[in-house]
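Please report on the fold, the pairing of strands, the disulfides and a few selected residues of the structure below. Keep it brisk.

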Amino acid sequence: MSSKRKLLRKKRGNVCVSPIIPCAIVTPSCFSVTISPPLTLTTTATPTAICTGSSSLLSVSGATTYTWSPAATLSCTNCANPTATPTVTATYSLTVSFGTGNPGCSPSTVYTTTVSVIPVGRWNGSVDTNWANGSNWCGSVPLATTDVVI
């Protein structure tokens with residue numbers, strides 16, 4: 001699962017305005033304006049579903065600093081691409097910053113991506129549709145006498 005949101009990256013310019021007041025002399029007021037076209041950030045988990053004991057790579061790009069949480073199952077929390085090794089399905093949150101030169105571009109919006117954990121003995125079908133391919137199962141290929149959950 002990925003999270004895609006548009007953020008704003010700014011362009012600067014000046015604007016001068018003069019109010020219209022009949023029979024009055026008015027000095028124009030000038031001020032700086034920031035115009036912000038959209039910037040898209042996408043968070044992803046690859047793969048989005050893992051077997052118990054496996055890992056998933058979380059990734060994002062386009063910002064200056066990154067803060068991922070929860071930290072307990074991540075290889076790093078202040079990097080763009082941490083490795084997640086959850087033992088149960090987990091949703092990871094990301095806070096980004098575009099640096100001190102971009103006021104207003106540190107959104108309070110939370111970006112999320114989820115990694116699902118598949119228990120041992122379950123079909124994940126991650127390679128192909130071959131039931132005998134061990135890579136399609138979490139754990140090992142079940143025997144003919146094994147009950148399976150698909």
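## A threonine contact

The side chain of T43 comes within 3.3 Å of the backbone oxygen of T112. A polar contact here is a pair of N or O atoms within 3.5 Å; within protein, one must be able to donate a hydrogen and the other to accept it, and residues adjacent in sequence count only if both atoms are side-chain atoms. T43 belongs to strand 4, residues 38-46. T43 counts as buried because its relative accessibility is 1%. Buried means under 20% relative accessible area, exposed over 50%, and partly exposed in between (1.4 Å probe, protein chains only).

This is a predicted model: local features need pLDDT of at least 70, side-chain atom pairs count only at pLDDT 80 or more, and totals for chains, interfaces and linings use all residues. Residues are numbered from 1 along each chain as its sequence is written, and side-chain values use heavy atoms, with hydrogens and water left out.

## The chain overall

The protein chain has 0 helices and 10 strands. From the N terminus on, its elements read β-β-β-β-β-β-β-β-β-β. Helices (H or I, at least four residues) and strands (E, at least two) are DSSP runs, numbered from the N terminus.

Of the 150 residues in the protein chain, 27% are buried. The chain exposes about 9,300 Å², and carbon and sulfur atoms supply 57% of that area. Accessible areas come from the Shrake-Rupley method with a 1.4 Å probe; for residues, only the protein chains shown count as cover.

Among contacts in the protein chain with a separation of 6 or more, 51% link residues 24 or more positions apart. Contact means heavy atoms within 4.5 Å.

## The open sheet

Which order do the 4 strands of the open sheet follow? The order is 5-10-9-7, and the pairing is mixed. Two strands pair if DSSP finds at least two bridges between them. Strand 5 (49-51) and strand 7 (65-69) are the edge strands, each pairing on one side only. From one strand to the next, the twist averages 25 degrees. For such angles, axes are lines fitted to C-alpha atoms, for helices over the stretch in contact, and angles run from 0 to 180 degrees between N-to-C directions.

The pairings, with one opposing residue pair for each, are these.

| Strands | Sense | Bridges | Opposing residues |
|---|---|---|---|
| 5 and 10 | parallel | 3 bridges | A49 and S116 |
| 9 and 10 | antiparallel | 5 bridges | Y92 and T113 |
| 7 and 9 | antiparallel | 5 bridges | Y66 and V96 |

Strand 10 covers residues 111-118. Strand 9 covers residues 90-97. In a regular strand the side chains alternate between the two faces of the sheet.

## Disulfides

How many disulfides does a search of the whole structure find? It finds 2. A disulfide is a pair of cysteine sulfur atoms within 2.5 Å.

C51 and C138 form one of them, with their sulfur atoms 2.0 Å apart. C51 lies in strand 5 and C138 in the segment after strand 10, so this pair ties together parts that are 87 residues apart in sequence. The torsion about the S-S bond of C51 and C138 is about -80 degrees, so the disulfide is left-handed. Both C51 and C138 are buried.

C76 and C79 also form a disulfide, with 1.7 Å between their sulfur atoms. Here the torsion about the S-S bond is about 50 degrees, so the disulfide of C76 and C79 is right-handed. C76 counts as partly exposed because its relative accessibility is 25%.

## Cis peptide bonds

Most residues other than glycine have a negative phi, and most peptide bonds are trans. T46 and P47 are joined by a cis peptide bond, with omega about -5 degrees. P47 sits in the loop between strand 4 and strand 5. The bond from S69 to P70 is also cis, with omega near 0 degrees. P70 sits in the loop between strand 7 and strand 8 (83-84).

## A buried asparagine

N133 lies in the segment after strand 10. Is N133 buried or exposed? N133 is buried, at a relative accessible area of 19%. The side chain of N133 reaches the backbone nitrogen of S135 at 2.9 Å. Setting aside neighbours within four places in sequence, N133 is in contact with V127, D128 and V141.
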